Amino acid sequence: MSFPARRSALRALLPGAGVDALLVTDLVNVRYLTGFTGSNAALLVHVDGDGASRFCTDGRYRAQAADEVPDLEAVVDRACAPELAKRASALSVERLGFESDSVPVDAHEALVEAAAGVPLLRAPGLVQGLRAVKDADEVEALRRACAVGDAALADLLAAGGLRPGRTEREVALDLEDRMRAHGATGPAFETILAAGSHSAVPHHRPTAAELRPGDLVKLDFGALVDGYHSDMTRTVVLGRAAAWQRELHALVAEAQAAGRAALAPGAEVTAVDAAARGVVERAGRGEEFVHGLGHGVGLQIHEAPYVGKTGTGALAAGMVVTVEPGVYLAGRGGVRIEDTLAVRDSGPELLTHTTRELLEV
């Protein structure tokens, strides 16, 4: 889908939101609608079309804007959002929507003043709702990002990068460097590398702790490619796995398979979570599965939909989500297995391909 087509899809939502135009100030949403990748911008999407819409950035990005956003009339001003709000009346806007889920209170006061009598109405989540369903180009970008993660982990394992004596921090940095070597801009988020008892902490940050023989090692990481984020978790054992480690890994693998199988257009996100969580609960480990099953990924590492007990809504074809159950035994170790998948009418499409079998390295 082209950027004009995305803006057209947004315009179709404006009457239902009760506004004539939407002032887009979230930079991720601006990028989604225009392709602009700078650090200061705003966009006014008018119900009457691109001819009445305006894009704004400051002088630092004049040339970049001409290259990335050639199809919209550009306004150059440091205070992008207030400047576009000021122009709303001249563009025949009678009701101006704004992204109330991302505009701070002080910034809202500035917008009210700049709009000079044009009412500002809350219009949260409109662009995020569009972003939840990925077009073919977005899925391809996510596919490339996932492939980088797969390749980097394969390289790390082949090179003996997971071995006793290395620190969590050393391994995390090594993995991130390997992602860059395969074409990533950088990591999609701060890599989680958790060994031994640290693997029982869902979002452990790597430390100077050394990996030891017999450790469970949890690797949760992703690559940033063309602005899109991948996400994958694998848990391995250094050396021969103990019986309890095998049992724990097998339980999480079963739950993860159930979650993947439940991904289908029309499936309620709570039902998908329940499919995986039920496996863990029936094994008597429900209290040790302490987070949701997954989340959408795209231009942000966490975006709609949220797949969990408190999530809302249903899946749709084209959504890209993670499935990542985990069971964590405090003081001993934990296992999480995570894949990124595209929801399809014919069944979920795996974008991450590293084996989910228990690896003993």
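E303 and K134 are both buried, where buried means under 20% relative accessible area, exposed over 50%, and partly exposed in between (1.4 Å probe, protein chains only). The model is predicted: local features need pLDDT of at least 70, side-chain atom pairs count only at pLDDT 80 or more, and totals for chains, interfaces and linings use all residues. Residues are numbered from 1 along each chain as its sequence is written, and side-chain values use heavy atoms, with hydrogens and water left out.

**Exercise 1.** Determine what joins the side chains of E303 and K134, and where each residue lies.

Solution. Step 1: the two side chains form a salt bridge, with 2.5 Å from N to O; a salt bridge is a side-chain nitrogen of Lys or Arg within 4 Å of a carboxyl oxygen of Asp or Glu. Step 2: E303 belongs to strand β14 (residues 303-307), while K134 lies in the loop between α7 (126-131) and α8 (136-158), so that distant parts of the chain, 169 residues apart, are linked. Helices (H or I, at least four residues) and strands (E, at least two) are DSSP runs, numbered from the N terminus.

**Exercise 2.** Classify R7 and D50, which form a salt bridge, as buried, partly exposed or exposed.

Solution. Step 1: the closest N and O atoms of R7 and D50 are 2.9 Å apart. Step 2: R7 has a relative accessible area of 0% and is therefore buried. Step 3: D50 is partly exposed because its relative accessibility is 21%.
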